[in-house]
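Please consider the sequence and the model shown here before reading on.

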Amino acid sequence: MKPETDSDNNDAGKSETPLLEVIDLKTWFPIKRGLFSLTAGHVRAVDGVSFVIRRNETLGLVGESGCGKTTLGRTLLGLERATGGDILFDGISIPGMNRRQMNRLRRHMQVVFQDPLSSLNPRMNVMDIVTEGLAQFGMVEGSKQDHAAQLLGEVGMGRDAIYRWPHEFSGGQRQRISIARALSLKPDLIICDEAVSALDVSVQAQVINLLLQLQKDYRLSYLFISHDVSVVSNVADRVAVMYLGEIVEIGNTVDIVGNPLHPYTRMLIAAVPVAGGKRISEHVVRGETPSPASPPEGCRFHPRCPDVMTSCRKIPPTVTEKEGHQVMCHLYRRT
Ligand code: SF4
């Protein structure tokens with residue numbers, strides 16, 4: 001679990017307005033068929049998702065691949081168009097922003113992707129990569145070299161890296177360069193999309209420690225997207241579990257990991273490798289995720305759920321508050 005910090009115990013200075021508020025967000029992609037490309041249906045990648053991220057907080061977003069978490073991150077960044085719902089950044093609606101406002105917002109919301117080699121321009125040296133955003137926003141004061149060296153210093157790299165090229169570095173170093181680039185504009189929120197998934201376990205730990213240190217230093221908020229519950233549990237204050245376009249459970253990390261309520265969350269946690277082999281549990285992951293183009297009727301998880309009841313096949317569950325969790329499951333519905 002993430003250790004408590006002084007700032008955790010000092011809420012007095014925190015603004016009441018969440019940094020990010022996502023309200024019933026939908027991102028659907030049309031399925032075009034036939035000679036006239038008529039819309040035959042929709043892939044409901046994100047389908048009615050709501051959550052908040054507070055200042056200086058990390059929200060972990062977990063789920064198997066194909067559950068919609070990357071599309072959700074891309075929609076928050078304005079890289080996909082929202083089909084419905086709202087996204088408020090510091091109280092201001094993002095979907096209603098014009099291009100100029102959106103560009104200004106990009107300063108405050110940055111991203112670190114999984115594969116730094118493909119997200120770092122191979123034709124740019126490290127100095128140009130990490131100062132590119134500063135140059136775009138006219139924020140380079142003094143020498144570009146000094147800016148780059150200072151940013152690289154923040155992520156534990158030396159000045160000697162500034163004239164080198166992305167392919168000359170290891171995966172962990174490239175990810176540090178990506179983080180330095182994200183930091184350059186002094187953002188409030190960084191979306192880490194599987195940011196440590198491609199790294200060895202020891203390098204993962206170093207990059208996670210770096211992210212936690214930077215959060216302390218700059219009061220950053222993170223949306224930490226990962227398929228790996230064990231990684232998320234080391235970073236996040238709260239965890240949201242996503243399945244087939246919906247958030248099925250959300251709560252404090254300690255509660256979600258220690259006492260998962262939703263059968264899908266239990267499956268994800270049961271799949272986490274432990275020393276000496278995998279956990280033996282009735283909640284092993286089974287079956288494949290159905291297509292988001294035709295999600296199952298009733299509860300979307302019912303074809304895979306070990307606790308399925310008759311009502312689950314017909315009636316979609318709604319969100320219930322239970323033991324500090326918000327959970328979408330008929331097992332916890334109010335009577
Ligand atoms: Fe399982 Fe029913 Fe809960 Fe869905 S609503 S997770 S099928 S018990």
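The second largest cavity is lined by Val62, Val229, Val239, Val241, Ile256, Thr265, Leu268 and Ile269. The model is predicted, with local features needing pLDDT of at least 70 and side-chain atom pairs counting only at pLDDT 80 or more, while totals for chains, interfaces and linings use all residues. Residues are numbered from 1 along each chain as its sequence is written, and side-chain values use heavy atoms, without hydrogens and water.

A cavity is a set of points, on a 1 Å grid over the protein atoms alone, where a 1.4 Å probe fits but cannot get out; a pocket is an open set with protein on both sides within 12 Å along at least five of seven lines; lining residues have an atom within 4 Å of a point. Volumes are the space filled by probe spheres set on the points, which are joined across faces, edges and corners.

Two elements, β9 (238-243) and α10 (263-270), each supply at least two residues of the lining of the second largest cavity, and α10 gives the most, with three residues. Helices (H or I, at least four residues) and strands (E, at least two) are DSSP runs numbered from the N terminus.

The structure holds two cavities of 30 Å³ or more. Around the largest cavity lie His262, Pro263, Cys299, Phe301, Cys305, Asp307, Met309, Cys312, Pro317, Cys329, His330 and Leu331.

| Space | Volume | Lining by class |
|---|---|---|
| Largest pocket | about 460 Å³ | seven nonpolar, five polar, three charged residues |
| Largest cavity | about 70 Å³ | nine nonpolar, two polar, one charged residues |
| Second largest cavity | about 30 Å³ | seven nonpolar, one polar, no charged residues |

Ala, Val, Leu, Ile, Met, Phe, Trp, Tyr, Cys and Pro count as nonpolar, Asp, Glu, Lys and Arg as charged, and the others, Gly among them, as polar.

The largest pocket has a volume of about 460 Å³. Of its 15 lining residues, Arg106, Met109, Gln110, Val111 and Gln136 are the closest to its centre. Two or more lining residues come from each of α2 (99-108), β6 (109-112) and α4 (126-136).

Elsewhere, the axes of helix α6 (residues 171-183) and helix α7 (residues 201-218) come within 10 Å and cross at roughly 15°. Because of this angle, α6 counts as roughly parallel to α7 (under 35 degrees). Axes are lines fitted to C-alpha atoms, for helices over the stretch in contact, and angles run from 0 to 180 degrees between N-to-C directions.

Methods
Angles under 35 degrees count as roughly parallel, over 145 as roughly antiparallel, 65 to 115 as roughly perpendicular and the rest as oblique.
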